[in-house]
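Let's walk through this one together, starting at the surface and ending with the charged side chains.

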Amino acid sequence: MSGRRAYLEAEGRIGFPDGPVAVRAVALFAEVGMEHFAGRGDATIIVDEHHEYEGNP
């Protein structure tokens with residue numbers, strides 16, 4: 001974690017934890033608050049469409 005960003009890396013191996021590498025992946029996630037979207041669009045539509053979503057702590 002670095003501020004609003006989460007950097008992740010993963011390896012998927014075949015058979016055992018020390019088996020041959022089958023896949024590798026990297027990802028970057030950025031936390032963006034709803035106020036960012038509310039200031040750039042129709043807040044009513046945003047709230048109506050996203051009222052049941054929650055973020056993980």
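Val 32, Met 34 and Phe 37 make a nonpolar surface patch of about 250 Å². Patches here are built from residues with over 30% relative accessible area and no salt bridge, joining like charges within 9 Å and nonpolar side chains (Val, Leu, Ile, Met, Phe, Trp, Tyr) within 5 Å; the areas come from the Shrake-Rupley method with a 1.4 Å probe, and for residues only the protein chains shown count as cover. Keep in mind that this is a predicted model, where local features need pLDDT of at least 70 and side-chain atom pairs count only at pLDDT 80 or more, while totals for chains, interfaces and linings use all residues. Residues are numbered from 1 along each chain as its sequence is written, and side-chain values use heavy atoms, leaving out hydrogens and water.

Met 34 is partly exposed at 42% relative accessible area, since buried means under 20%, exposed over 50%, and partly exposed in between (1.4 Å probe, protein chains only).

Now for the charges: there are two salt bridges, each a side-chain nitrogen of Lys or Arg within 4 Å of a carboxyl oxygen of Asp or Glu. Glu 11 pairs with Arg 13, closest N and O atoms 2.8 Å apart, and also with Arg 24, at 3.0 Å from N to O. Through shared partners, Glu 11, Arg 13 and Arg 24 form one network.
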